[in-house]
Structures are given as structure tokens and as C-alpha cells.
Amino acid sequence: MQDKKTIVLGVIGSDCHAVGNKILDHALTESGFNVVNIGVMSPQEDFINAAIETDADVIMVSSLYGHGEIDCRGMKDKCLEAGLEDVLLYVGGNIVVGKQEWKDVKYRFNAMGFDRIYPPGTSLERAVEDLRADLYKDHRAAV
Amino acid sequence: MDAYLFIDFGSTFTKLTLVDAYEDNVIATEKSHTTVNNDVAEGYEKALRMLRKKVGKAFNIKKKLACSSAAGGLKIISIGLVPELTAEAAKRAALGAGAKVIKTYSFQLNHCEMEEVKNSDANIILLAGGTDGGNSKSIIHNAKMIAKHKISIPIVVGGNKSCTDEVKEIFGKDIEYYITENVMPKLNTINIDPAREIIRKIFMNNITHVPGMNEVEEKISQVIMPTPAAVLRATEVLSKGSLRESGLGDLAVVDIGGATTDIHSAAEGYPIKSSVLLKGLQEPFMKRTVEGDLGLRYSAKSLYEGSGSLLLKKYLNDKKYNLDEEIDKRYKNVDIVPENEDERYFDEAIAKVCVDISMERHVGKIESLYSPTGMIFYQEGKDLQNLSYLLGTGGVLVNSYNPKNILEVGLNKEENSMILKPRNSKFLLDKEYILSAMGLLSTIDEEKAVRMMKKYIVEI
Ligand code: B12
């Protein structure tokens with residue numbers, strides 16, 4: 001396999017749901033990724049600074065408490081200024097309040113610059129598969 | 001008698017303010033048209049002759065200092081990467097330097113845009129992009145475009161520090177450039193003072209774009225800053241005070257002119273309620289916004305045709321006017337002064353529109369969102385609801401019988417507004433029109449400037 005890819009992982013905003021974050025950390029590490037876990041209650045800037053310092057390939061944002069949309073707003077712009085234009089942005093958890101039409105939610109997060117957007121109940125295998133596709137087959141060059 | 005002479009070269013008038021060097025007194029003020037026979041020097045000489053006559057006795061000028069907004073003032077183009085981030089930070093730096101920002105560009109510029117830049121009448125370009133250690137593509141690309149298009153005006157580089165060497169190499173000897181600190185060194189953190197200072201220095205050394213100014217410069221010490229920078233400086237010292245003289249605290253200045261309405265605020269503007277979260281780019285303590293579509297003369301037209309037409313009718317209070325005619329008259333003859341009550345009333349109605357809209361644009365806003373925990377509130381921009389003072393300057397306010405009436409429009413009267421305009425400010429008036437002179441004075445004697453402003457700026 002190629003060299004290890006680095007993922008910055010964390011829970012954004014004032015969100016303190018810690019269990020999923022631990023599970024993700026464990027599962028991604030087991031799958032062969034270098035995981036930089038910045039933990040819960042992390043502002044956008046912490047994700048971005050960690051990605052700069054560790055030369056990360058992906059920023060993986062969790063949001064469980066329903067404020068995901070406002071917490072994620074403007075993140076892609078900041079990534080651009082920070083020189084992270086090629087770093088992939090993933091987001092998952094319970095990213096919006098209550099039950100909303102997934103298609104719309106996905107569209108809104110896409111427009112905000114996120115590359116992959118996961119609904120509640122996504123299996124971790126699915127995320128790992130996507131990561132491999134995006135990172136190892138030079139998938140992005142074709143986008 | 002020893003005195004300081006302060007000169008303000010305006011687009012229409014050159015104003016002189018003679019200040020006693022020892023007592024905190026304005027000895028006299030005088031003004032004359034800026035250009036007489038197409039010459040700034042002659043306008044200045046004329047005003048000085050009139051001033052001497054007015055004073056009546058001999059005085060010795062210990063020091064002369066000038067500011068200028070002649071020939072359209074200092075014009076800057078700002079370039080950044082993301083519109084809300086480095087492009088906005090660059091724009092704020094330029095405004096803080098007292099410039100008129102003629103356009104702000106973002107991302108990587110194309111040839112069309114570069115042509116626009118080249119054909120503009122800008123005096124300086126402020127080039128930003130990327131946080132320190134961050135994005136380098138954009139600023140390098142834009143520097144290359146500037147070099148390729150052989151832009152001949154000074155370039156102030158305030159972007160990603162990691163690109164400095166490369167930018168220097170790209171510009172080489174063909175481009176006049178000045179490297180300064182990044183306007184946004186870290187995400188959401190602004191750092192506009194170093195860029196501001198460099199811009200002021202360039203302005204001071206290159207103010208040759210005004211015909212006749214070179215000659216004047218030999219007669220007076222130096223034109224040290226653009227007029228809006230002098231007003232901003234005066235606002236700052238009046239708010240903060242000096243070592244021995246206390247300041248007034250949070251303060252905003254409303255400056256209604258013919259072409260623009262400027263608001264200068266000296267306030268942190270943090271949220272009043274602890275439950276409100278702050279978002280967006282950090283606000284500078286000294287913030288200046290300029291509304292190029294709001295003014296009493298040249299911009300009366302854009303005000304009327306744009307956002308202000310409904311408000312204008314509201315502030316005219318059903319009084320009958322031929323609106324098109326009144327507006328056109330002002331747009332075409334920017335020098336006219338109201339000659340009767342009706343004209344004055346109309347001017348004051350325009351002034352109210354200027355105050356209303358420019359304050360609304362200057363202050364921050366609150367946005368509410370539903371969340372699992374109930375409503376949450378986000379603030380973007382400054383909260384000026386608790387602002388202590390609103391200070392008015394400019395001819396229309398100074399000459400009004402009821403300037404308070406005009407300034408009052410700047411306050412928020414609605415109970416639950418999401419717009420963070422001041423609510424209970426007291427009103428002050430720059431009755432003697434000395435703010436810019438006091439900004440200049442503060443560069444030689446800050447204590448005196450604060451004392452004199454507290455003496456000459458009156459509560460209304
Ligand atoms: C335990 C819990 C809490 C605990 C958290 C303790 C702790 N420090 O961890 C406490 C009591 C503190 C709490 C508080 C709150 N909670 Co709570 N909480 C839960 C609960 C019951 C379980 C969360 C959990 O640990 N799940 C187990 C882990 C393994 O799953 P997970 O977190 O979802 O993460 C997995 C996936 O989502 C996914 N995933 C997550 N991120 C990402 C990212 C990517 C890229 C991918 C691919 C996948 C992925 O992978 C993870 C691992 O499998 C859930 C309900 C539920 N059953 O999910 C509510 C829930 C998350 N909480 C909720 C709410 C509303 C709150 C509060 C706002 C309640 C309040 N009114 O105060 C507060 C918020 C506090 C805060 N500031 O964060 C709501 C969120 C509603 C929404 N989004 O619309 C939920 C869904 C309950 C509900 N149905 O209403 N909560």
C-alpha cells in the first residue's frame with residue numbers, strides 16, 4: 001500500500017458528543033490512516049491549523065447536536081486562505097436538526113464546499129471505502 | 001503670537017485652521033476654493049491672505065501641517081483571495097488609511113480585470129491573499145499579472161509572508177512595491193495597522209497627482225495624510241483620550257459630504273448579551289465605512305435612484321417638491337449651497353437618508369437560528385447599541401438649525417431589531433469644523449488635541 005494518508009478528525013462547534021469521535025478515531029486508525037484527532041468542541045480554525053501542521057489530506061468534521069450547518073459555514077473559504085485548497089472536506093453525524101429531506105441537506109453542504117456529506121446511520125465501512133477511492137486513485141484530479 | 005496652521009485641501013474648498021500654540025484656542029478659520037486658476041497653490045495663498053486679514057495682527061506660524069482629499073482623494077484598489085476574508089481585510093486596511101476603495105478584487109485575477117486595474121485612476125494597489133503560511137497560489141498569480149501588465153502605481157504587499165521572497169523576485173525592478181505585514185496573518189484575525197501606515201507614507205511622498213501640490217508642499221511642511229485619515233485619527237484620540245486627558249469612550253462620527261457619507265466608529269462592538277455568539281472576520285476598533293452612493297451633491301443621484309428614494313420621500317414629510325429637478329440640480333452643481341428654507345429642508349432630508357442607511361450598513365447584524373436547544377443568535381459586525389456618543393460633522397449638520405434632528409435618524413427606534421444601531425447615544429456636533437485639523441494636531445500634541453476637541457465639540 002502507498003504511504004499513510006493523514007486525516008484531521010474532530011467534532012465541530014460547541015458540540016460535546018464524544019463517543020462517536022472515539023469510535024471513528026479507532027476505526028480509521030485500524031483501517032490504516034494516520035488520524036489526528038482534535039476531539040470535541042473544536043472551532044473551524046483548530047481543524048485548519050491542525051491540517052496545516054500535519055500536512056493532512058482530509059478534514060473530517062463531525063456534528064451531532066444539530067448546529068452543523070452554521071458551524072460549518074465559511075469553512076471552505078478559510079481552507080482556501082490557509083492554502084488547503086486540495087484538502088478534502090468530509091462531514092457526518094447528525095448534521096442538521098431533526099428530520100429534513102436529505103437531498104436538500106446534501107445540496108446545501110455541497111454548496112458550502114464539502115466533498116462528502118454523510119447522513120445519520122452511515123456505516124464506517126462506507127466512509128473508509130470513500131476515503132480510499134478519493135485518496136488513492138487520484139480520483140480528485142478527474143473531478 | 002505663536003500658532004499652528006492646519007490645512008485641509010478638500011475637493012472643493014481648502015480650509016485653514018489657525019490654532020494658538022499655547023492656549024487651547026482656535027484663533028480663526030478660513031476657506032477658499034481649492035483651485036484658483038487651476039492652481040492649488042493659488043487657492044491656498046488666497047485663503048491665507050484672507051486668514052491674515054481676519055486675524056488682524058501678526059502671528060508667527062510655528063508649524064504647518066496639511067491633509068488632503070483634493071483630486072478625489074487617495075484611491076486604492078484592494079486585492080485579496082476570499083471576498084469575506086483577505087479581500088475584506090485588505091479593503092478595511094485601505095479604508096482605515098483614509099482611502100477611497102474604488103474596487104476590491106478576489107481570487108486569481110484574469111486579464112480583463114487587470115485591464116480594468118490598469119485603466120483605473122487608482123493611486124495605490126493593496127495586494128493581499130493567504131494567511132501566513134497559507135495559500136500562496138493566489139498572491140503569486142496576482143503578482144505575476146501585475147508584473148505582466150506593467151502596473152505603474154505603487155503596490156503594497158500585505159499577504160502571506162511565505163510568498164514575500166517570490167513576490168519580490170516577480171516584481172524585480174520594474175514594479176514599485178512595498179512589503180508589509182499580512183492584513184490577515186491568521187484565520188479571522190486582522191492586522192491592518194502596518195499596511196495603513198505604509199499607505200500613509202506612500203501618500204505623503206507621492207501626492208504629486210494633484211496639480212500644483214508640489215509647489216504648495218514647498219511652502220507648507222508636508223501633506224501628511226488623507227483627510228479621512230485625519231478625521232479617523234481625531235475620532236480615535238477623542239475616544240481613547242491621552243495620557244493626562246480622559247477620552248469620551250465609545251464614539252461614532254458621521255461625516256456627510258457631497259459624494260460620500262463616512263462613518264468612523266471607535267468601539268469594540270462586542271455582543272451585549274453573553275448568549276450571542278460572534279462570527280465572521282474580526283472588527284477593527286477603529287472602523288471606517290464609506291458609502292459612495294450616499295451624498296448630498298454628486299451622489300444625490302445614486303441615492304435617489306437606488307436605495308434611498310423611498311426614505312427620501314419619508315423624510316420630506318409629504319412636502320411638495322419636483323424631486324427629479326431637485327436631485328438633478330444638486331448632481332450637476334456640486335458647489336451649490338441652499339439659498340432658502342425649501343432648499344435647506346430638502347438638503348436635510350437627503351442628509352437624513354445618508355445617516356439612516358450609512359449607519360445601518362456600518363453596524364453589525366444579528367441572525368437567529370433554530371436549534372435543538374432553542375433559538376441561538378449570531379452576531380456579525382459591531383454591536384453599537386450602547387454607543388455613548390454620535391458626533392456629526394460636515395456642512396449640512398454645522399449649518400442646520402436642528403442638527404440633532406438629522407443625527408437622530410442614526411438611532412434605532414424599533415424594539416426588537418436585528419440591526420445593531422445605537423439606541424441612546426448623546427449627540428455631539430463639530431460646530432467649528434475642526435475634526436481634521438485636530439487629527440493633524442494630535443500628531444504633534446495629543447494632549448492639546450483632546451483638550452481642544454472637548455472644548456470645541458459641543459453636545460446638542
Ligand atoms: C449520549 C448523548 C448525549 C450526551 C453526550 C455525552 C458525551 N459527552 O458524549 C449528552 C447528555 C451530554 C448530550 C447532550 C446533548 N445532546 Co445528545 N445525544 C446523546 C445520544 C443519546 C447518543 C450519542 C452517542 O454517543 N451515540 C453513539 C455514537 C457511536 O454515535 P454517533 O455519535 O452518532 O456517531 C457515529 C455516527 O454519527 C457517525 N459519524 C459521526 N460523525 C461522523 C463524521 C463522518 C465524516 C462520518 C462518515 C460519520 C460520522 O460515526 C459515529 C460512529 O459510529 C444521541 C442520540 C443517539 N441515539 O444518537 C443524542 C443526540 C445526539 N443529542 C441530541 C441533542 C439535541 C443534545 C443536546 C443539544 C440536548 C440539550 N437540549 O441539551 C445536548 C448537546 C450538548 C452539546 N453541547 O453537545 C440530539 C441531536 C439532534 C439533532 N442533531 O437533530 C440527539 C440525536 C438526540 C435526539 N434524537 O434528539 N447528548
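This is a short chat about how to read the ligand site and the chain contacts in a predicted model.

Visitor: Before we start, how are things numbered, and what counts?

Guide: Residues are numbered from 1 along each chain as its sequence is written, while chains are lettered from A and ligands numbered from 1 in the order in which they are written. In this predicted model, local features need pLDDT of at least 70, side-chain atom pairs count only at pLDDT 80 or more, totals for chains, interfaces and linings use all residues, and side-chain values use heavy atoms, with hydrogens and water left out.

Visitor: Which protein donor does the cobalt atom of the ligand have?

Guide: Donors are N, O and S atoms within 2.8 Å of the metal (3.2 Å for Na, K and Ca); water is not among the atoms, so sites may look incomplete. Here the only protein donor is A:His17, through NE2 at 2.2 Å. You'll find A:His17 in the loop between strand S1 (6-12) and helix H1 (19-30) of chain A; helices (H or I, at least four residues) and strands (E, at least two) are DSSP runs, numbered from the N terminus.

Visitor: How many residues surround the ligand?

Guide: A residue is near if one of its heavy atoms lies within 4 Å. That gives 27 residues, with A:Ser14 and A:Cys16 among the closest. They come from chains A and B, so the site is shared between chains. H1(A) gives the largest share of the shell, four residues.

Visitor: Where are the polar contacts?

Guide: Look for pairs of N or O atoms within 3.5 Å. A backbone N or O atom of A:Ser14 lies 2.9 Å from a ligand nitrogen, and a side-chain N or O atom of A:Asp15 is 3.3 Å from a ligand oxygen. A polar backbone atom of A:Asn94 sits 3.4 Å from a ligand nitrogen.

Visitor: How many residues of chain B are in contact with chain A?

Guide: Contact means heavy atoms within 4.5 Å. By that rule, 25 residues of chain B touch 17 residues of chain A.

Definitions and conventions:
A polar contact is a pair of N or O atoms within 3.5 Å; within protein, one must be able to donate a hydrogen and the other to accept it, and residues adjacent in sequence count only if both atoms are side-chain atoms.
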